[in-house]
Amino acid sequence: MGIRENVKVILSELPKDVILVAAIKQRTTQEILEAIEAGIKVVGDNYVQEAERKYEVIGNRVKWHFIGYPQRNKVRKLVKFIDMIETVDSVEFAQEIEKRCASLNKTMPVLIEVNSGREAQKAGVLQEDVEGIIKQIAKYPHIKVQGLMTMGPRFGNPEDARPYFMETRRIFEEIKSLDIPNVEMKYLSMGMSNSYKIAIEEGANVIRIGTLIFGERKD
Ligand SMILES: *Cc1c(COP(=O)(O)O)cnc(C)c1O
């Protein structure tokens with residue numbers, strides 16, 4: 001099947017309140033436009049320069065999420081056109097976003113990335129640190145924490161990812177119940193091509209899908 005059909009099939013099976021983010025790393029502008037014509041409303045990229053180049057062509061006909069780890073000196077460029085950063089995992093990163101958004105007089109919605117698998121090489125905040133980090137970031141006037149994101153460990157069998165999604169959901173509800181000022185726990189971004197159905201069962205309302213829309217990547 002082609003990109004168009006892939007998007008239509010996924011969208012037709014999604015619950016209405018779930019946002020599909022098309023993960024566009026390494027995809028051409030042509031491929032992305034095809035996905036947009038089929039109904040994609042939000043795209044997510046991992047690389048600042050790549051995203052910026054695509055944004056110049058595609059513009060605001062979709063929302064732009066960032067799902068990568070930018071070098072500090074690229075954050076200034078990033079916040080100019082990005083609508084949400086899903087991968088905030090340190091106060092330092094947030095501080096840089098705050099500084100750059102303040103000078104643009106813009107407020108950036110962010111998700112806090114949780115390292116739910118406690119994997120040494122993975123980005124994200126450990127579960128016991130999530131509350132503390134959110135409380136610190138909540139003080140920044142140009143940032144709005146709107147939820148959590150997790151990747152979870154990669155498994156051949158997506159069912160194995162379920163406990164990590166459940167755990168992230170638990171933290172999400174816990175933080176929500178705290179009613180922290182300037183924090184609005186609204187989005188839970190979990191699940192990729194192989195695991196999104198399980199993520200939705202466990203409460204995800206944002207899913208990030210690349211392969212299932214565009215086919216296998218070269219990496
Ligand atoms: C690439 C990527 C995805 C999509 O992965 P697929 O397995 O291709 O669906 C989702 N989230 C992040 C953060 C990514 O980098």
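Analyst: Val-130, Glu-131 and Ile-134 of helix H6 meet Ile-171, Ile-175 and Leu-178 of helix H7, where contact means heavy atoms within 4.5 Å. Sorted by class, the contact of H6 with H7 has five nonpolar residues, no polar ones and one charged (nonpolar: Ala, Val, Leu, Ile, Met, Phe, Trp, Tyr, Cys and Pro; charged: Asp, Glu, Lys and Arg; polar: the others, Gly among them). The model is predicted, so local features need pLDDT of at least 70 and side-chain atom pairs pLDDT 80 or more, while totals for chains, interfaces and linings use all residues. Residues are numbered from 1 along each chain as its sequence is written, and side-chain values use heavy atoms, with hydrogens and water left out.

H6 spans residues 130–137 and H7 spans residues 162–178 (DSSP runs numbered from the N terminus: helices are H or I of at least four residues, strands E of at least two). Two packed helices are described by the angle between their axes and the distance between those axes. For H6 and H7 the axes come within 11 Å and cross at roughly 45° (lines fitted to C-alpha atoms over the stretch in contact, with angles from 0 to 180 degrees between N-to-C directions). H6 and H7 are therefore oblique to each other (under 35 degrees is roughly parallel, over 145 roughly antiparallel, 65 to 115 roughly perpendicular, the rest oblique). The crossing of H6 and H7 is right-handed (near helix turned clockwise from the far one by less than a right angle; anticlockwise is left-handed).

H2 (residues 29–37) takes part in the next packing, with H3 (residues 48–58). The axes of H2 and H3 are 11 Å apart, and the angle is about 55°. H2 and H3 are therefore oblique to each other, and their crossing is right-handed. On the H2 side the contact residues are Thr-29, Ile-32, Leu-33 and Ile-36, and on the H3 side they are Lys-54, Val-57 and Ile-58. The residues of this contact of H2 with H3 divide into five nonpolar, one polar and one charged.

H2 also packs with H1, at an angle of about 40° and with the axes 8 Å apart. H1 and H2 are therefore oblique, and H1 passes H2 in a right-handed crossing. Ile-3, Arg-4 and Val-7 of H1 and Glu-31, Glu-34, Ala-35 and Glu-37 of H2 make the contact. By class, the contact of H1 with H2 has three nonpolar, no polar and four charged residues.

The segment before helix H1 (3–13) holds Met-1. Met-1 is exposed, because its relative accessible area is 75% (buried is under 20%, exposed over 50%, partly exposed in between, with a 1.4 Å probe and protein chains only). Leaving out residues up to four places away in sequence, Met-1 touches Asn-6 and Val-9. The C-alpha atoms of Met-1 and Ile-213 are separated by 9.4 Å, although the two residues are 212 apart along the chain.

Arg-217 lies in the segment after helix H9 (211–214), and with a relative accessible area of 18% Arg-217 is buried. Among the residues that Arg-217 touches, beyond four places in sequence, are Lys-25, Arg-27 and Arg-154.

The loop between strand S7 (183–190) and helix H8 (196–201) holds Ser-195. Ser-195 counts as buried at 6% relative accessibility. With residues up to four places away in sequence not counted, Ser-195 touches Pro-158 and Phe-165.

Ile-207 lies in strand S8 (residues 206–209) and is buried, with a relative accessible area of 0%. Residues touched by Ile-207, beyond four places in sequence, include Leu-14, Val-18, Met-190, Tyr-196 and Ile-200.

Aromatic pairs complete the picture. Rings of Phe, Tyr and Trp (its six-membered ring) pair if their centres lie within 6.5 Å, with planes under 30 degrees apart stacked, over 60 edge-to-face and the rest tilted. By this rule there are four aromatic pairs. The rings of Tyr-55 and Trp-64 have centres 5.6 Å apart and planes at 80°, so this pair is edge-to-face. Tyr-55, at 21% relative accessibility, counts as partly exposed, whereas Trp-64, at 0%, counts as buried. Tyr-55 and Trp-64 form one aromatic cluster with Phe-81.
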